[in-house]
Amino acid sequence: MHGSRPDGRRGAGQVSLLAALVLLAIAALALDARGGIGLLGEQLALLRTPSFTVPDGWPQPVYDFRDNPITAAGFALGRELFYDPRLSRDGSIACASCHQQFAAFAHYDHPVSHGIGNRNGSRNAPGLYNLAWLPQLMWDGSAHNLEVQPLGPIANPVEMDARLPDLLDRLRADPHYRQRFEAAFGTPDIDSQRMLRALAQFTGTLLSADSRYDRYLRGDTDALAATEQAGLAAFRRHCSACHAEPLFSDFSYRDNGLDALPRDAGRATVTARDDDRGRFRVPSLRNIGLSPPYMHDGRFDTLAQVVDHYRSGVAASERVDPVLRGGLPISDAERSALLAFLNTLDDPAFTHDVRFADPARRR
Ligand code: HEC
Ligand code: HEC
């Protein structure tokens with residue numbers, strides 16, 4: 001008789017079933033490592049593919065994935081492209097060089113990011129997460145579409161400095177990429193639209209919504225300590241007029257009083273309106289503790305410096321947003337509570353999510 005025995009030892013039938021399952025799993029892994037898509041390989045890949053779900057209480061995203069449906073192969077291709085330095089002219093700089101996962105995909109410790117040949121850009125690389133909600137991208141809103149945005153850094157002479165036709169030829173010459181494009185889009189053809197769609201399947205699914213703050217809002221009252229809760233209240237008093245929950249931005253362009261005479265034209269670069277000089281998009285504050293330095297030019301190294309700026313450093317200028325004129329009346333107790341609260345926006349589950357990590361490290 002087969003079947004489980006009262007003494008707990010397994011019958012021969014179960015042992016061989018178990019062995020067959022183990023073998024199948026190994027076969028699936030082997031197929032997957034070679035890039036082949038067996039049925040089980042595909043299912044395992046799906047387990048690693050983030051789905052795009054709108055967290056409770058969040059608005060509808062702006063980027064519409066119905067026009068670019070996320071698939072396991074499309075996401076995997078986008079992830080590979082994001083980490084591949086061959087997207088730059090001399091093969092030295094990947095998107096991930098300036099957008100590092102441990103810093104929520106900002107450029108850690110770089111006031112302004114530097115790219116190819118160590119050339120400096122003029123602005124701080126923002127963290128990449130919840131991008132599908134951004135009505136416009138970049139500090140000045142100069143990019144409108146998540147799918148088209150990568151053409152900027154790829155062509156930018158201080159970032160990746162590549163010519164798109166050269167880059168596409170380089171990908172076409174690589175049998176591995178031809179196979180990856182075929183898996184993602186049905187034929188091995190490689191063109192800019194496919195490359196950009198795959199990249200957007202990666203960048204658009206970088207969802208960060210599992211900080212302690214989020215857990216607190218979902219009803220886990222222990223997720224925030226008393227000081228942190230006081231910090232949330234202070235934040236709602238002083239900061240959320242611009243850094244609106246749950247995305248921590250109202251996506252407007254404002255002057256938060258960094259300089260009386262702005263050096264960077266900011267939003268005016270796009271609109272050419274004098275009023276917009278020195279205005280920048282209100283940035284999200286999620287993962288803020290992980291991505292110093294701060295502001296469009298990375299001028300502040302710590303969050304304490306940022307809060308002190310709002311208390312006593314706001315420039316006296318007509319251009320400064322009315323909410324901030326004369327500085328914010330933040331008490332000493334509020335200052336420390338605010339600093340405690342800001343760190344509850346870190347989302348380690350996001351910055352450690354293996355699905356977003358460098359695929360080369362896994363091999
Ligand atoms: C040399 C560093 C560098 C490289 C390489 C780079 N970026 Fe960026 N990225 C930046 C900087 C700096 C900004 C902000 C620029 C601005 O606002 O003017 C930015 C902005 C962005 C934004 C807008 C984020 C927001 O909040 O509006 C996205 C999306 C983005 N990059 C994706 C990419 C992708 C995809 C690649 C690869 C194709 C890439 N970046 C390569 C430095 C870099
Ligand atoms: C009037 C709107 C407004 C208010 C109120 C406001 N901010 Fe900001 N905040 C901005 C803008 C705009 C920027 C980007 C400015 C730039 O880089 O030029 C910014 C940038 C920041 C940054 C840097 C983010 C990064 O990624 O570099 C932090 C941190 C920050 N604010 C925290 C706060 C805190 C804390 C409060 C409340 C004490 C607050 N802000 C109140 C508009 C505002």
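The report below walks through this predicted model, from the whole chain down to single residues.

## The chain as a whole

Let's begin with the big picture. The protein chain has 15 helices and 2 strands. It counts 363 residues, of which 36% are buried.

Next, think about who touches whom. Trp58 and Trp133 are a pair you can look up yourself: they sit 75 residues apart along the chain, and their C-alpha atoms are separated by 9.5 Å. Trp58 belongs to the loop between helix H2 (39-48) and helix H3 (72-82). Trp58 counts as partly exposed because it has 15 C-beta neighbours inside 10 Å.

## Around ligand 1

Ligand 1 is surrounded by 27 residues, and the closest are Cys95, Cys98, Gly115, Met138 and Pro153. The largest share, 3 residues, comes from H4. Sorted by class, the shell around ligand 1 holds 18 nonpolar, 7 polar and 2 charged residues.

## Around ligand 2

Now move to ligand 2, which has 25 residues around it. Cys239, Cys242, Tyr294, Met295 and His296 are the closest. Helix H12 (residues 303-313) provides the largest share of this shell, with 4 residues. By class, the shell around ligand 2 has 19 nonpolar, 4 polar and 2 charged residues.

You will find Met295 in the loop between strand S2 (280-281) and H12. Met295 has 18 C-beta neighbours inside 10 Å, so it counts as partly exposed.

## Helices that meet

How do we describe helices that pack together? Two packed helices are described by the angle between their axes and the distance between the axes. The axes of H3 and H8 come within 7 Å and cross at roughly 95°. H3 and H8 are therefore roughly perpendicular to each other. On the H3 side the contact includes Gly74, Phe75 and Leu77, while H8 contributes residues including Met195, Arg197 and Ala198. Counted by class, this contact of H3 with H8 has 9 nonpolar, 3 polar and 2 charged residues.

Which residues of helix H7 (residues 175-185) are buried? They are Tyr177, Arg180, Phe181, Ala183 and Ala184. Seen down the axis of H7, these buried residues fall within an arc of 160°, so they line one face of the helix. Their cover includes H3, helix H6 (164-172) and H8. Just after H7 comes Gly186, with a positive phi of about 95°.

## Details of the backbone

The bond from Glu245 to Pro246 is cis, with omega near 0°, and Pro246 lies in the loop between helix H10 (226-238) and strand S1 (253-254). The bond from Pro292 to Pro293 is also cis, with omega near -5°, and Pro293 is in the loop between S2 and H12.

Finally, look at Phe251, which has a positive phi of about 65° although it is not a glycine. Phe251 lies in the loop between H10 and S1. With 17 other C-beta atoms within 10 Å, Phe251 is partly exposed.

Conventions
Residues numbered from 1 in each chain as written. Chains lettered and ligands numbered in written order. Predicted model: local features only at pLDDT ≥ 70, side-chain atom pairs only at ≥ 80, totals over all residues. Near = placed C-beta within 6 Å. Nonpolar A, V, L, I, M, F, W, Y, C, P; charged D, E, K, R; others polar. Buried ≥ 20, exposed ≤ 12 C-beta atoms within 10 Å, placed from the backbone. Axes fitted to C-alpha atoms, helices over the stretch in contact; angles between N-to-C directions. Parallel < 35°, antiparallel > 145°, perpendicular 65-115°, else oblique. Contact = placed C-beta atoms within 7 Å. Arc of directions from axis to C-beta.
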